[in-house]
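Morning, everyone. Please look at the model on the screen while I walk you through a few spots.

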Amino acid sequence: MENRKTALVLGGGGARGAYEVGVWQAVRELGIRIDLVTGSSVGAINGALIAQDAFDLAVSLWKEIDTSMVFDIDIKDLITNTGLDNGKLKTLLTQYIDETAIRNSTTDYGLITAELPSMTPKSLMKEQIPSGKMVDYILASSTLFPMMKSYEIDSLKYIDGGFTDNLPVGLALDHGATHIIAVDLVAVEIVRKKRMAEADSLRVIQCPWDLGNILIFDKFNSRRIMRLGYLDTFKAFDAFDGRFFSFVKGDFDRRSLRGADNAGVIFGLSPEFVYKKHIYNIHLKNAVDTHIQEKEKELNALSGSLKGKLLEGFVKAKTSLNQRTITLMIARSLKETSDTKNIFLTKPAMKLLKEEIPAANYLVKEGLI
C-alpha cells in the first residue's frame with residue numbers, strides 16, 4: 001500500500017519506559033517499518049532513540065539504569081517542595097541523544113510538552129525544534145512537575161507532556177499516520193480518547209501486569225518489563241495466544257486459554273516465557289503441588305466445613321482465605337460433584353469468583369489436581 005504510513009506512539013510513564021523498548025524489539029522482529037514516532041515524557045526519550053535507530057544503545061541504557069542516574073535527590077528540595085533538579089537527566093540525555101542522527105533519519109519524530117502557566121499543549125515535530133535544542137525539548141517533555149522543577153527554554157517554562165496528552169496519537173494523525181501502534185504505560189495522566197477514536201487503524205499495546213513505580217528506576221525491573229513489552233507485542237499481532245501469559249499459537253482452545261491464564265496468575269508462574277501447553281502444565285502442577293503440601297491440613301478442614309454451605313457463606317470466607325487455597329477448594333468440589341449440582345457452576349458463583357472458577361476448572365480438566 002503506497003500511502004501507508006505507520007506510526008509508533010509512545011506514552012509517558014517514567015521508569016516503565018523499558019517496556020517500550022521491548023515493544024520496539026518485537027516490532028523490529030516482526031518486520032514492521034516505522035515511518036513516524038511520537039512520544040510524551042519517557043515516550044519522547046525512547047522515541048528519539050528509535051528515530052536515530054539506536055536500538056542497542058536503548059537496550060543498554062535500560063538494562064543499566066537506576067534512580068541515581070536520573071534524579072539528583074537533594075533532601076532540601078524535598079523538604080522545601082521546590083522540585084528535584086533535572087541536571088542529571090539532562091546529562092543522561094546528552095549522552096544518549098544524537099540530534100544530527102534524528103534530523104537525518106528517514107523516521108519522522110515528534111513530541112509533546114506543556115507550557116506554563118497556561119498548560120498550553122506544545123506539539124513539535126523535529127523540523128519545528130530549533131537547531132541545538134533537541135535535548136532541551138525532550139527534557140521539557142519529560143519534566144514530571146511538581147516533583148521535578150519546570151524546564152526553561154528561551155524564557156518559557158515547560159513541564160511533562162503527560163499533563164496535556166500522555167499518548168499523542170493525535171500528533172501522529174495530524175502528520176499523516178494511517179496505521180498506529182500505541183504503547184500505553186497506564187500512568188495517571190491525560191489520554192485524548194477522542195483523538196484515538198479518529199484513527200482508522202489503531203492497535204493499543206498495554207501490559208496486564210504491574211510495571212512498577214514510575215519514579216523508581218531499577219535495572220532488574222527494567223529487564224523484566226522489557227521482556228513483557230516484547231511478548232505483549234507479539235500477542236497484539238496475534239503471533240502468540242494468552243493475556244497474562246504467552247502461549248504457543250493454537251495450543252489451547254478459547255475456554256482453556258482463560259482458565260490457564262487465570263491459574264498461572266493465581267499460582268505465581270513467570271510471564272517472561274513462551275509456553276507450550278505441556279510445559280506450562282508441568283510448571284503449574286509443580287506450583288499446585290507445592291501449595292497443597294504447605295496447606296494440606298487447612299484445605300481438608302475448610303473443604304469439610306464448607307460442604308453444603310450456601311455460596312454466600314463461601315464468599316464470606318473468601319475475604320480471609322488465600323486465593324490459591326480457594327481455587328483448590330473449588331477444584332476439589334468440581335471433581336467430587338456432578339456439573340448439574342455443583343454450586344460453583346452457577347451464574348452467581350461465576351460472577352463472584354470469576355478468576356478462581358475458570359482456574360479451578362482448568363486444573364480439573366487437565367488432571368493437575
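Which residues in α17 are buried? They are E356, I357, P358, A359, A360, N361, Y362 and L363. Buried means under 20% relative accessible area, exposed means over 50%, and partly exposed is in between, using a 1.4 Å probe and protein chains only. Helix α17 covers residues 356-365, and eight of its 10 residues are buried. After α17 comes G367, with a positive phi near 70 degrees.

Some ground rules. This is a predicted model, so local features need pLDDT of at least 70 and side-chain atom pairs count only at pLDDT 80 or more, while totals for chains, interfaces and linings use all residues. Residues are numbered from 1 along each chain as its sequence is written, and side-chain values use heavy atoms, leaving out hydrogens and water. Helices (H or I, at least four residues) and strands (E, at least two) are DSSP runs, numbered from the N terminus.

Next, a helix pair. Helix α1 is residues 18-29, and helix α3 is residues 55-64. Their axes come within 10 Å and cross at roughly 150 degrees. That makes α1 roughly antiparallel to α3; the label applies to angles over 145 degrees. Axes here are lines fitted to C-alpha atoms over the stretch in contact, and angles run from 0 to 180 degrees between N-to-C directions.

Who meets whom? From α1, we have A18, V21, W24, Q25 and R28. From α3, we have F55, A58, V59 and W62. Contact means heavy atoms within 4.5 Å. By class, this contact of α1 with α3 has seven nonpolar, one polar and one charged residues. Ala, Val, Leu, Ile, Met, Phe, Trp, Tyr, Cys and Pro count as nonpolar, Asp, Glu, Lys and Arg as charged, and the others, Gly among them, as polar.

Now K235. K235 sits in helix α11, residues 219-236. Its relative accessibility is 12%, so K235 counts as buried. Beyond neighbours within four places in sequence, K235 contacts F240, D241, G242, R243, F244, F245 and S246.

F240 leads us to a sheet. The sheet is open, with three strands in the order β9-β10-β11 and mixed pairing. Its edge strands are β9 (240-241) and β11 (274-275), each pairing on one side only. Strands pair if DSSP finds at least two bridges between them. Two bridges join β9 to β10 (residues 246-248), and these strands run antiparallel. F240 has V248 in β10 as its bridge partner.

Definitions and conventions
Parallel < 35°, antiparallel > 145°, perpendicular 65-115°, else oblique.
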